[in-house]
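Thanks, everyone. Please have the sequence and the structure open while I talk.

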2 protein chains.
Amino acid sequence: MDEQREPEDLTTRARIRDAAMLQFAKLGEKGATIRGIAKAAGVSPALVQHHFKNKAALREACDAHAIDAIRRVKEEALSGGMSNPNFLTIAMQTALPVQQYMARALVEDSDAARALFEDAVQFSEDILSRGSSGMRKPTTDDLHAYAAVITAMNFGLVVLNGHLSRALGTDILTPEGYPRLAMALMDIHTDNLITPELEEQTREVLRKMRGPDA
Amino acid sequence: MDEQREPEDLTTRARIRDAAMLQFAKLGEKGATIRGIAKAAGVSPALVQHHFKNKAALREACDAHAIDAIRRVKEEALSGGMSNPNFLTIAMQTALPVQQYMARALVEDSDAARALFEDAVQFSEDILSRGSSGMRKPTTDDLHAYAAVITAMNFGLVVLNGHLSRALGTDILTPEGYPRLAMALMDIHTDNLITPELEEQTREVLRKMRGPDA
DNA sequence: ACGTACAGTGTACAAACGTACAGGTTGCTG
DNA sequence: CAGCAACCTGTACGTTTGTACACTGTACGT
């Protein structure tokens, strides 16, 4: 069920699956076609059908592979002590095609994407509540929402990585571009943009909005 | 060129355009079909073609309408003194179909989406550098990246709003769900998750990564 | 040597797609 | 009333799509 990482000596089946992931990522579920995937993989359209029964099954195979790849990176990060402060790095360390595929899948709302997102929220919540070296525990009444929003923001950066890279002038997934993103992210999370007065005032408004106070 | 907000007494042309925006948002550019849009709007497929020449032109009309709607909200926010500390509220205040449409468009990378994103970055940068009441100016060497990343994170929340809402149990675009999101966002931006020691250490790593220091 | 399983291809077909086109209805203007 | 423009529909056509099917070649176990 598993293959090497080399882009060359792969099973034909794996080559087709990788091509499919790229096509799905670039063109969407409907936009990607069996014929297009076959051409990208350098095989005949019928061979795609031979290895994966139909388009839906091919999609499921891509989902399974992406989820598996992400799970591996996650486990590696956990066993490594999670020394890195930025959850984003987890997403960044997964292979580029997997990233792009999941970004699309998150928007097109497949079952796999839902599972991925929910797992990621759970993962963030665990890490945050446990606390790791160099990290404080978050100050919040609502850790679940805290984790969910952080997860959504980080995934959002991956989903919109094309736009972000264009705005910054360099690809943020390369060693040249990534530091600029990470540095800005650090700036954003360390300084307090909002004054304590406005903060309390806004919280008061939100509290009233949330429930008609007794 | 402009219509009322009532979902009822709209021009047929506007009804078709609104239906098209929803279909594009839900199914993507390829997934949405002329026939499906026509059925959703309660008209014949040929009428869609009559008002908008072809699918590409229909798409451009949707783009134009969405950009216009967002521009209006933005101007209103500026004239209102931008008292609200959260840029996200700008996105939130636009009509729901426009949000969903732009979220999809951002992922599918149309020209309009690029323009929207770049404008939003510019907008954020202006607001941040000018500074408004209750807001401090950001402490950063790289304001452009700061603004770009904040923009991407906020748009990311809109793009992934479905997943985020599911994780929180309530729709974050309703008065019941929004406070929970906003409160968590406030928590995230006010507390310093990372210790100063790890922060400086990480910045050092990033600086080395960025350029081979002389 | 034979047969079987598997990798791979070419052809064919029904369904859905975008779009062109001719026609029909309504309402306003001369 | 004639005519014209705008709104709206039904039909038809070429293309692309997913998929079924028959076919070839090759490796391998008996």
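Predicted model: local features only at pLDDT ≥ 70, side-chain atom pairs only at ≥ 80, totals over all residues.

Chain A to begin. Its secondary structure comes to 11 helices and zero strands. Read along the sequence, the pattern is α-α-α-α-α-α-α-α-α-α-α. Chain A has 214 residues, and 37% of them are buried. Now take the contacts in chain A with a separation of 6 or more. Of those, 52% join residues 24 or more positions apart.

Next, the interface. How many residues of chain B are in contact with chain A? The count is 63 residues of chain B, against 63 residues of chain A. On the chain B side, these elements give two or more residues each: H1 (12-31), H6 (96-108), H7 (111-130), H8 (143-159), H9 (161-168), H10 (178-190) and H11 (196-210). H10(B) gives the largest share, with 12 residues. By class, that side of chain B divides into 36 nonpolar, 13 polar and 14 charged residues.

Now the core. The largest nonpolar core has 104 residues. Which residues have the most contacts inside it? They are Leu106(A), Val149(A), Leu106(B) and Val149(B). Look at Leu106(B). Leaving aside neighbours within four places in sequence, Leu106(B) is in contact with Leu160(A) and His163(A) from chain A. From chain B, its contacts are Ala113(B), Phe117(B), Phe155(B) and Val159(B).

That brings me to H7(B). The helix has 20 residues. From first C-alpha to last, H7(B) reaches 28 Å, close to the 28 Å expected at 1.5 Å a residue. Its buried residues are Ala113(B), Leu116(B), Phe117(B), Ala120(B), Val121(B), Ser124(B), Glu125(B) and Leu128(B). Seen down the axis of H7(B), the buried residues fall within an arc of 165°, so they line one face of the helix. On the other side, Asp111(B), Ala115(B), Asp126(B) and Arg130(B) are exposed. What covers the buried residues? The cover includes H9 (161-168) of chain A, along with H4, H6 and H8 of chain B. After the helix comes Gly131(B), with a positive phi near 80°.

Val121(B) sits in H7 of chain B. Why does Val121(B) count as buried? Because 24 other C-beta atoms lie within 10 Å, and the cut-off for buried is 20 or more. Not counting residues up to four places away in sequence, Val121(B) touches Ala167(A), Ala147(B), Ala148(B) and Thr151(B). For a distance check, take Ile70(B), 51 residues from Val121(B) along the chain. Their C-alpha atoms are separated by 14 Å.

Technical notes: Residues numbered from 1 in each chain as written. Chains lettered and ligands numbered in written order. Contact = placed C-beta atoms within 7 Å. Helix = DSSP H or I, 4+ residues; strand = E, 2+ residues; numbered from the N terminus. Nonpolar A, V, L, I, M, F, W, Y, C, P; charged D, E, K, R; others polar. Expected span 1.5 Å × (residues − 1). Buried ≥ 20, exposed ≤ 12 C-beta atoms within 10 Å, placed from the backbone. Arc of directions from axis to C-beta. Core = buried A, V, L, I, M, F, W, Y, C linked by C-beta atoms within 7 Å.
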